[in-house]
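Have the sequence and the 3D view open as you read.

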Amino acid sequence: TGSGKTTTLYSAVRAIQAPGLKLLTIEDPVEYQMLDVVQIAVNEKQGLTFSSGLRSIVRQDPNKILVGEVRDADTARIAVNAALTGHLVLTTIHANDAVEALVRLSGIGIHPRDFVSSLNLITSQRLLRRLCVSCREPHAPVPESLREVTPDFDLYPGVVPQIGRGCAVCQRSGSVGRTGIYEALPVNAEFRELVLAETTPTKLRAHISALGWKTLREAAWEMVKTGEVSLEELNRVTVAD
């Protein structure tokens, strides 16, 4: 919650939208009105749930489908079946990271053999407070207490974290606005085989890390390196492996 995933989802819709495409959504609630997109709001009191609405959407023969959130096995099964029959389906699911999304799907009753062939990309994201450029300065020396709660601090030698001291521009808060960190997991044939073999999440992460996959934590460290976010913010939003 609050990671900006809805904004990313709408941005994806805008990116794939084109004349002649029939794009339908089922959301709870509809947060942004989009031109040339049929948007349906969930109304459980009237019996319009994600699963029932998605069933109706599939019958309309859309080209692309947006499902606001996969909350239960019924919705997940319909979304997977829609993807398997040639529809591009965009959706969200609550999970700690990209790999945990697979665990979450399994946890609500969908077997990997049913969903893994339909997956193309899993993206996890978080929002971090951006340091104010008017008052940020090197946070040196880094307090020992802060080092202790940053177990991977020594893995980034030479990095000088920044801190926002507070000024009139940022209303003494030390930060202005937010920025996103992302981990994107393309699901290829090799990864599908590992999932079907019921490989543990730890081994899956080790496999994709060896291929250069960047975790949320590593993406946050890149922000610390450039001085965009503080060390405190890194620890607030992400955890070390």
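A salt bridge here is a side-chain nitrogen of Lys or Arg within 4 Å of a carboxyl oxygen of Asp or Glu. By that rule, the structure holds 12 salt bridges.

Some ground rules before the details. This is a predicted model, in which local features need pLDDT of at least 70 and side-chain atom pairs count only at pLDDT 80 or more, while totals for chains, interfaces and linings use all residues. Residues are numbered from 1 along each chain as its sequence is written, and side-chain values use heavy atoms, with hydrogens and water left out.

Why would such pairs turn up? Side chains of opposite charge can pair when their charged atoms come close.

| Pair | Closest N and O atoms |
|---|---|
| Aspartate 74 and arginine 55 | 2.8 Å |
| Arginine 205 and aspartate 97 | 3.0 Å |
| Arginine 165 and glutamate 137 | 2.6 Å |

Helices (H or I, at least four residues) and strands (E, at least two) are DSSP runs, numbered from the N terminus. For exposure, buried means under 20% relative accessible area, exposed means over 50%, and partly exposed is in between (1.4 Å probe, protein chains only).

Take the salt bridge between aspartate 74 and arginine 55. The two sit 19 residues apart and link distant parts of the chain, with aspartate 74 in helix α3 (residues 73-84) and arginine 55 in helix α2 (residues 50-59). Aspartate 74 is partly exposed at 29% relative accessibility, and arginine 55 is partly exposed at 34%.

Next up, arginine 205 forms a salt bridge with aspartate 97. This pair spans 108 residues, from arginine 205 in helix α8 (residues 201-210) to aspartate 97 in the loop between β4 (88-91) and α4 (98-107). Aspartate 97 is buried, at 16%, whereas arginine 205 is partly exposed, at 22%.

Then there's arginine 165, which pairs with glutamate 137. Arginine 165 is in the loop between β7 (162-164) and β8 (175-186) and glutamate 137 is in strand β6 (residues 136-138), so this bridge ties together parts 28 residues apart in sequence. Arginine 165 counts as exposed at 52%, but glutamate 137 is partly exposed at 32%. Elsewhere, shared partners join Asp28, Glu44, Glu69 and Arg71 into one salt-bridge network.

Last stop: serine 124, in strand β5 (residues 121-131). Serine 124 is buried, with a relative accessible area of 7%. Beyond its neighbours within four places in sequence, serine 124 is in contact (heavy atoms within 4.5 Å) with residues including Asp97, Tyr182 and Leu216.
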